[in-house]
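Morning, everyone. I'll walk through it piece by piece.

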Number of protein chains: 2
Amino acid sequence: MYNFLFHIPTKVYFGRGQISHLGELSEYGKKVLLVYGGGSIKRNGLYDTAVGILHDAGMEIFELAGVEPNPKIETVRKGVEICREQGADVVLAIGGGSTIDCAKIVAAGTLYDGDAWDLVLDGSKMERALPIASVLTISATGSEMDRYAVISDLGKNEKWSTDARCLIPSLSILDPSYTFSVSKRQTAAGTADIMSHIFESYFTTEPAADVQRRIAEGLLKVVFKYGPVALNEPDNYDARANLMWAASHAINGLIADGAEQHWCVHPIEHELSAFYDITHGEGLAILTPVWMEYILNDNTKGYFADYGRNVWSISEEDDLDASKAAIEKTRSFLQDSMGLPSNLRAVGIMDDRYFDQMAEKAARSTAATFVPLTKEDIKEIYRRAF
Amino acid sequence: MYNFLFHIPTKVYFGRGQISHLGELSEYGKKVLLVYGGGSIKRNGLYDTAVGILHDAGMEIFELAGVEPNPKIETVRKGVEICREQGADVVLAIGGGSTIDCAKIVAAGTLYDGDAWDLVLDGSKMERALPIASVLTISATGSEMDRYAVISDLGKNEKWSTDARCLIPSLSILDPSYTFSVSKRQTAAGTADIMSHIFESYFTTEPAADVQRRIAEGLLKVVFKYGPVALNEPDNYDARANLMWAASHAINGLIADGAEQHWCVHPIEHELSAFYDITHGEGLAILTPVWMEYILNDNTKGYFADYGRNVWSISEEDDLDASKAAIEKTRSFLQDSMGLPSNLRAVGIMDDRYFDQMAEKAARSTAATFVPLTKEDIKEIYRRAF
């Protein structure tokens, strides 16, 4: 097991009605920037509930609305400006990962002497941030409990993940019933995102990260059990609750710390979203089985066989056979059980003209992953996914 | 899944050499009470290392030495007195669970207007405590990351567990190499303690606590794999590291929150330790299989069958058969693989004269457990364990 620092300071109130604790935000100060997306929280009443609680706690509210699904740096800059002008004490996101990611860089950008895009390109520049809180409305990115944020400058086809410990939310409200209204398509995409987060840590070159790998297998089992249930019974509380809590643990450090690994499929997907603005989880669903097949070899078959046996109860004795069966199970889960797209054409990517450029950018992040990938490897993965 | 608050503020530095971070304690203030046990940390150099780092950080050190294996309230009172007289800012335990538990109640007792025993009898009286830190030297109780403390008044045969969120350590140093010198007997007892903590949450009446139960199964697998390795190869780093990290997660809230359950085997064991001062983990090792057999019935067999299939890969199709096989595996692990005692006589309990009195006290805590137990049930468990 590698050396690590484990520290998740987030206070998570989990369950029905836990939004009643939102007034605790006033402990951080009386001025809150409320960040949200397209306005669905206004239609379903969550906005009114939250605003009512914040008012009762004596808080003054400023707003940053209209955060995009792939949040833009321009929106972050707007939030920073409001925070500075109004002297915000705390930033509260109500929404999914995009909204929370945006709120995070707003919180850090407000205390940074320079342009917020610097922080996206270089996480080490973030030493402090305003306290961050979230009310989660979709289970996917795990941003409610992690130190990451992904921000785009789509004008330049740039989409980067950045991270810093000061971005970990101080308080998150996780009420699974808020995700009942998440569409089938977004439920499936979110599930693919959770899976990919788990895989990015699970496939580690550290063989003795047993605690982390066994927990990861447990989380995968939960996702495979409840993903289809949530798809077919949107208001099944147990399914939504288990997906929500698995999503947070998939990326909060629990399965990564001590097994630390550079991520691989995520940076390859980020180029798809940056160039084509596709849904992140759908891109991951397409790439994951292709990536698994591409890196399967004599060195990695033991890992895939473990995965197959421990998660899918595959009984093949030969490691390579067990690996292939495990990858097939994964593909079938994504495409058959969750109805996710199986290739890039299915999400509207009809030509390969950017593959070279995308692969070059992705390769900046894949040199030290579980199986290191070059630009040529990544191009080949895009081609096989096409 | 039940509603819950998940909050583990502990900053854990895990791995070889992580004691270098101990100087961070000075952020809490310059005066530290150093709490330790029988002096083994002086013989192995850990004391000198820690004191050197604290001095370099400009800290002034006071000492509470000689904490007992079942820490006594008298020792706690002594610590409280020192803290008050010297104006301590932070309490640092170097040792195992007993030492950390003692430090916790010292930290809370210092800020409590009354006798520290009140806090053992009623955790709700603890609203604040001095910041608590630990350097762990044995993997067992999980006190380094949890909100519990067990304190005894052996003069009155009293041993109680108490808890409060303010008892969660702020900083813990977990260096697995510090546990290389733990004796075989204590390694085995610690492993039984870890197992029991996992079981106390794993056997929950909340059927949809999947995230928690799947993680618990992962931790159990780790314990079953590495317990015997640590026993036979005391300086196997991977074994010690996995046991150490599993021990912390067994009780830090990860597998309990959302599956909340009142503990059962622990209170039954606490009476054994309170009346006979036996080693806690040995008492648990004796009681656990007896308890499992005692509560196995048509209502519980599904839970034990899950345990057998998911943790021990038992293939029996009938739930009752699978349950019995799982309990037998558990017994065999404890007694054959770990060399733990199989009955009360083996730890020197040669008569049953206190069973009635012990059962009466234990029954105060077992009315709402996985399978509720009466005084008569507990007496019968003691008898079968005899």
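Let's start with the domains. Chain A is split into domain 1 (11-178) and domain 2 (181-385), with bounds that come from an automatic or database domain assignment. A word on what you are looking at: this is a predicted model, where local features need pLDDT of at least 70, side-chain atom pairs count only at pLDDT 80 or more, and totals for chains, interfaces and linings use all residues. Residues are numbered from 1 along each chain as its sequence is written, while chains are lettered from A and ligands numbered from 1 in the order in which they are written.

Back to the two domains of chain A. Their centres, taken over C-alpha atoms, are 26 Å apart. Contact here is a C-beta criterion: two residues are in contact if their C-beta atoms, placed from the backbone, lie within 7 Å. Helices (H or I, at least four residues) and strands (E, at least two) are DSSP runs, numbered from the N terminus. For the classes, Ala, Val, Leu, Ile, Met, Phe, Trp, Tyr, Cys and Pro are nonpolar, Asp, Glu, Lys and Arg are charged, and the others, Gly among them, are polar.

Next, the two chains together. In chain A, 34 residues touch 33 residues of chain B. Three elements of chain A each supply at least two residues to that side: strand S1 (4-14), helix H7 (210-232) and helix H8 (237-249). The side of chain A that touches chain B has 18 nonpolar, 8 polar and 8 charged residues.

Look at S1. S1(A) and strand S1 (residues 4-14) of chain B run antiparallel, joined by 7 bridges. Strands pair if DSSP finds at least two bridges between them. Which residue of S1(B) is the bridge partner of A:Phe14? That is B:Phe4. And A:Phe4 stands opposite B:Phe14. S1(A) has a partner inside its own chain too: 4 bridges join S1(A) to strand S8 (residues 171-174) of chain A, and these two run parallel. There, A:Tyr13 stands opposite A:Ile173.

Now the symmetry. Chain A superposes on chain B by a rotation of 180 degrees, with 0.0 Å of shift along the axis and an RMSD of 0.0 Å. The copies are therefore related as by a two-fold rotation axis.

On to helix H9 (residues 265-276) of chain A. Its 12 residues should span 16 Å at 1.5 Å a residue, and its end C-alpha atoms are 17 Å apart, so the two agree. The expected span is 1.5 Å times one less than the number of residues. Is H9(A) mostly covered or mostly open? Mostly covered, with 10 of its 12 residues buried. Buried means 20 or more other C-beta atoms within 10 Å of a residue's own, exposed means 12 or fewer, and partly exposed lies in between; C-beta atoms are placed from the backbone. The buried residues of H9(A) include A:His266, A:Glu269 and A:His270. Among the elements covering them are S7, helix H6 (184-202) and helix H14 (375-385) of chain A.

Most residues other than glycine have a negative phi. A:Asp277 counts as partly exposed because it has 15 C-beta neighbours inside 10 Å.

B:Ser313 sits in the loop between helix H11 (301-312) and helix H12 (319-337) of chain B. With 12 C-beta neighbours inside 10 Å, B:Ser313 counts as exposed.

Last stop, B:Asn157. This residue is in the loop between strand S6 (148-153) and strand S7 (158-163) of chain B. Leaving aside neighbours within four places in sequence, B:Asn157 contacts B:Ala274 and B:Phe275. Thanks, all.

Notes. Copies are superposed by least squares on the C-alpha atoms of residues with pLDDT of at least 70 in both.
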